[in-house]
Structure formats: C-alpha cells, structure tokens
Amino acid sequence: HHHLHLSSCHECLQLENSTIESVRFASAENIPELSDDVNSRLEEKDDDCLARGIKRVNLAGKPPNILIYLGSETAKVEFEQVKSILQECIGADSYTVYQLHEEQVLKAPWIDNSLLLVIATEEPISEENHKQFMKFLSKGGKILGFSSHFTFGGIQIKRKSKLKKAVHELVVSKMDSTEIKLNLLVSGCIFEEVMKEDTSKVKTLSWLNNADKDTVIVHLTYGDSGGEAILSQAHLELDINSMDVQTEEDFNLLKISNTKRYEVLKEILISLGLSCELSEIPMLTPIYLLSSDEEIHLAFLKWLEGNVDAEGLRTSSKVSLKFVSSCESKMEITPSLMQVITEMGSFSSEHFSLKTYQQNLQTKKLGKILLFTEVTTTTMNLLDG
C-alpha cells in the first residue's frame, strides 16, 4: 500500500544506482559505461571491451534490436519466416528480433532503440510511416527492404509485370568487387534512378542478367549520422518451401542457388553493420535464488511456500519456475521450464561474487534478493508473472 514513485524520484534513482554499482563490482568483467545520450560515441578506451565480445551496442549507442515491419497485417506466419531466415545469418545471442506493428510505428520509441528495420511488405507505405522511417535513417538507423515500396532519394520503383512470380538470374556485386550469379524469385518491380545528379548516394548492388540489366538491389545513404538502406526487389527473405513457384525447373534453380542466397544476405547484413559470426548457443543453466540477508531470505522462502504448487512449481504464461532446494541433475532445463535452486551453499560462479556484492550494496531492501543464472533465454519472460 505504499505510493508508487516516479522513476525521476531522487530516492529511487539513488537506490537503483547503488544496486547497479554493486552488481558491477561483483561481476568479473568491467561493463563499459554507456552515455545517456543515445547518439554519443563510445570513447576509445572502451574499444577493447567491445572487442572482447560486448557487441551488444553499436557505435551510435543503439541497443541490438532488429525490427520487422510487415504492414498493417498481424502476419504472424510471415514474421516467423523472415525472423528465422535472419537468425540463420546473424549471431543469435547478439541480436533480438521483434515485429514492429502498424500501431507502434508512430507511437513506440523504436527509433532510438533499434539497429535495423526490415520492411517486408508489398503494400504501399503511408506518408506518416515514410516520415518515421526517414527519421530513423537520419538518426543513424539501417533499413533493409524486401520487395517493399519504400524508397527515397534518387530512386523510384517501376513495375514490370512480366517479371512477377518468375525466377530470374541475378548478378550481385560483392564488397570485394567480385560478382556472383544466382537465381531468385523477383517481385515484378525494378529500381530506376530519377535524379542523375544525386548518383553519389545510390549504388547498384544487383541487376537482372537480361537485355535491360534491370536494377533489383540498391544501396542508399542518408544524412550524416551513418543512416543507410539496402532495398531489394528480389526475394532474398523467402525460403524455397514458402515460395510460390510455377514450375519444377524454377524450384530446382532456386534450390541450387540457396547457398548463394544466404551468402548474399549475409554480405548485405554485414555491410549494414551487423555481425554474422555464428557462435554456438550455450546450454541453459539453473537459476540460483541468492540473498545477502538471511532474515529476508527466510521470509521470501516462507512467502514462496504459499505461492507454488505441491511440486514446487510456479507457472506463468511464458516460463514455469520449479523451486528445488538443491540441483536436480536429472531435470532438463528448457526455455519454458527453469530450475530455481533455493539453497545458497552450493552456489559458486567465476562471473559473480555474492560476497563482493554484499559489501557494496548500500540499500535497506532493494537488491537483497537475487535470481542469478549464467545462461538464460530472456529475463523478460523469466520475470513475467
């Protein structure tokens, strides 16, 4: 029944900062201090920290979020398709992929919170949305367009209906100036340059191997904060099985080109500043319930008794927590079922010292109870409910 404080309340901020400080002291690796200003550059002294694997924030200070915009439809199936293709190219533990829903484009604070926006809809882009997307670019954002009507600068889209739903040979110019050829399904649209004097900002990355050498993938830069877009009218994002191909011959051409398709997609993502080094996903580990105060620890366990079932299970919509006194080696830890060990005696970690944490914690109640795990999927699901 206490009144809720606003996040700007001085007392709350002090409590929060002291808890963050104590976690920092108790963690083996120094976390680089990030400035509150989203556009601030990381200082050079933090570069070695970044090189040691803290790739989670790019130089513009944006969190490692990738958003997929699929127009006004909820498009759950399409979202999963595009997401899975992207996750096969980028480091799964380095980026988080979300869907950007129509109602969020103008309201949600995604512009400062995302590295990359993927536009994967063939429906027209409204003027308001176009303005938001341009604002994102002006703040150093990156855009990847898949068969979308989104364009800007010196290019426009021209319809060529004879190309639609047909497989064509593409020539792709790679970063090392070599060219590769592959077969892909194209949208039925091509790119045309409209302002010849603005060509410095438009670079053709791929064209059809036909008489007109129709441009199908372009690279555009925007503003002076590093904003750039790669727009494609070839279906790089579609898996062979989800493509609507007309003949068996087309299917076979796509199948042969599948490896090259991933190669081109990875090259595009790398040129937009993403990491495509695939690291092995570590095994999930149990969670430890830790406390720096015995009295609070016992009170919490007493509360827990009335809030778990007979099996020690607390279920929520996304993750169920099974509370056990000591580690049950037989139990498999999955993203939807996590083991929480309540006995602190068996806890040890090379990444976190509870003793150092206790010595540096200066609060009365905040931060006295901790859930600690080496490897988990997402803490958001963990704490939901």
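## A salt bridge between aspartate 214 and lysine 160

In this predicted model, the side chains of aspartate 214 and lysine 160 come together in a salt bridge, with a distance of 3.0 Å from N to O. This pair links distant parts of the chain, since aspartate 214 sits in the loop between strand 9 and strand 10, while lysine 160 sits in the loop between strand 5 and strand 6, 54 residues apart.

Aspartate 214 has a relative accessible area of 6% and is therefore buried, and lysine 160, at 14% relative accessibility, counts as buried too, because the cut-off for that word is under 20%.

Glutamate 263 and lysine 174 form another salt bridge, in which the closest N and O atoms are 2.8 Å apart. Because glutamate 263 lies in helix 5 (residues 248-271) and lysine 174 in the loop between strand 6 and strand 7 (179-185), the pair ties together parts that are 89 residues apart in sequence. Glutamate 263 is partly exposed, with a relative accessible area of 34%, whereas lysine 174, at 19%, is buried.

## The wider picture

Salt bridges that share partners join Lys160, Asp212 and Asp214 into one network, and a search of the whole structure finds 7 salt bridges.

Conventions
Residues are numbered from 1 along each chain as its sequence is written. This is a predicted model: local features need pLDDT of at least 70, side-chain atom pairs count only at pLDDT 80 or more; totals for chains, interfaces and linings use all residues. Side-chain values use heavy atoms; hydrogens and water are left out. A salt bridge is a side-chain nitrogen of Lys or Arg within 4 Å of a carboxyl oxygen of Asp or Glu. Buried means under 20% relative accessible area, exposed over 50%, partly exposed in between (1.4 Å probe, protein chains only). Helices (H or I, at least four residues) and strands (E, at least two) are DSSP runs, numbered from the N terminus.
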